[in-house]
Amino acid sequence: MQIEKITSENPEIHWRFLNCENKIVMDMGCSFWDSTWNEGWLSSSEYFVSKGASKLIGFDCALHDIEKYHALYGDDPKWHVFHLCVNANVQIEDLLSYYKPQVIKCDIEGAEIHFSEITKE
């Protein structure tokens, strides 16, 4: 595991150490939040795709953000973005089992706690 000091929410700085080239990336909490308020910033999902992710699997609880992704990237097969509010560990287990991401970014507003309930099985 690589530990980096994060000094900014800008994906160009925040995720610069993360290699996602030719990898399936799952963006748990893929909202446009920071990019909405900071002109010129990409969303985390847009950043991962710009850095060569072969597939972007993203979800967020904010439906308006999912609709924006669909409007921008709906025809691009590299993108699979959907509405989901995580409230149980089984949802995370099912997502990981089904999509088999190689890189995971997780910012799901406190629902990260459900990772602690996942076992190796």
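**Labels and their grounds**

Reply: Let us begin with serine 45, which is found in helix 3, residues 44-50; please keep in mind throughout that this is a predicted model.

Me: Why does serine 45 count as buried?

Reply: Buried means under 20% relative accessible area. Serine 45 has a relative accessibility of 0%, and therefore it counts as buried.

Me: Which residues is serine 45 in contact with, once its neighbours within four places in sequence are left aside?

Reply: Serine 45 is then in contact with Asp27, Cys30, Leu56, Tyr69 and Trp79, where contact means heavy atoms within 4.5 Å.

Me: Where is histidine 64 found, and why is it called exposed?

Reply: Histidine 64 is found in helix 4, which covers residues 63-73. The label exposed requires over 50% relative accessible area, and histidine 64 has 56%, so it is exposed.

Me: What is the phi of lysine 100, and why does lysine 100 count as exposed?

Reply: Lysine 100 has a positive phi of about 50°, again without being a glycine, and it lies in the loop between helix 5, residues 89-99, and strand 4. Its relative accessibility is 55%, and because exposed means over 50%, lysine 100 counts as exposed.

Me: How many helices and strands make up the secondary structure, and why is the protein said to be as compact as a globular protein of its length?

Reply: There are 5 helices and 4 strands, and from the N terminus on the elements run α-β-α-α-β-α-β-α-β. The radius of gyration is 14 Å, close to the 14 Å that the globule rule gives for 121 residues, so the protein is as compact as a globular protein of that length. Taken along the principal axes, the C-alpha atoms fill a box of roughly 40 × 35 × 25 Å.

Me: What share of the residues counts as buried, and what share of the contacts joins residues at least 24 apart?

Reply: Of the 121 residues, 39% count as buried, the cut-off being under 20% relative accessible area. Among contacts between residues at least 6 apart in sequence, 68% join residues at least 24 apart. The protein exposes about 7,500 Å², of which carbon and sulfur atoms supply 53%.

Me: How much space lies in the largest pocket, and which residues are closest to its centre?

Reply: About 460 Å³ of space lies in the largest pocket. It is lined by 27 residues, and the closest to its centre are Gly29, Ser31, Lys105, Asp107 and Glu109.

Me: Which element gives the most to the lining of the largest pocket, and how do the lining residues divide?

Reply: Helix 2 gives the most, with 3 residues; helix 1 (11-14), helix 2 (33-37), strand 2 (55-60) and strand 4 (103-106) each supply at least two residues of the lining. The lining residues divide into 14 nonpolar, 6 polar and 7 charged.

Methods: Residues numbered from 1 in each chain as written. Predicted model: local features only at pLDDT ≥ 70, side-chain atom pairs only at ≥ 80, totals over all residues. Heavy atoms only, no water. 1 Å grid on protein atoms, 1.4 Å probe; cavity = no way out; pocket = protein on both sides within 12 Å on 5 of 7 lines; lining within 4 Å. Points joined across faces, edges and corners; volume = space filled by probe spheres on them. Nonpolar A, V, L, I, M, F, W, Y, C, P; charged D, E, K, R; others polar. Rg over C-alpha atoms; globule rule 2.2 N^0.38 Å. Buried < 20%, exposed > 50% of the residue type's maximum accessible area, 1.4 Å probe, protein only. Areas by Shrake-Rupley, 256 points an atom, 1.4 Å probe, with all protein chains shown as cover.
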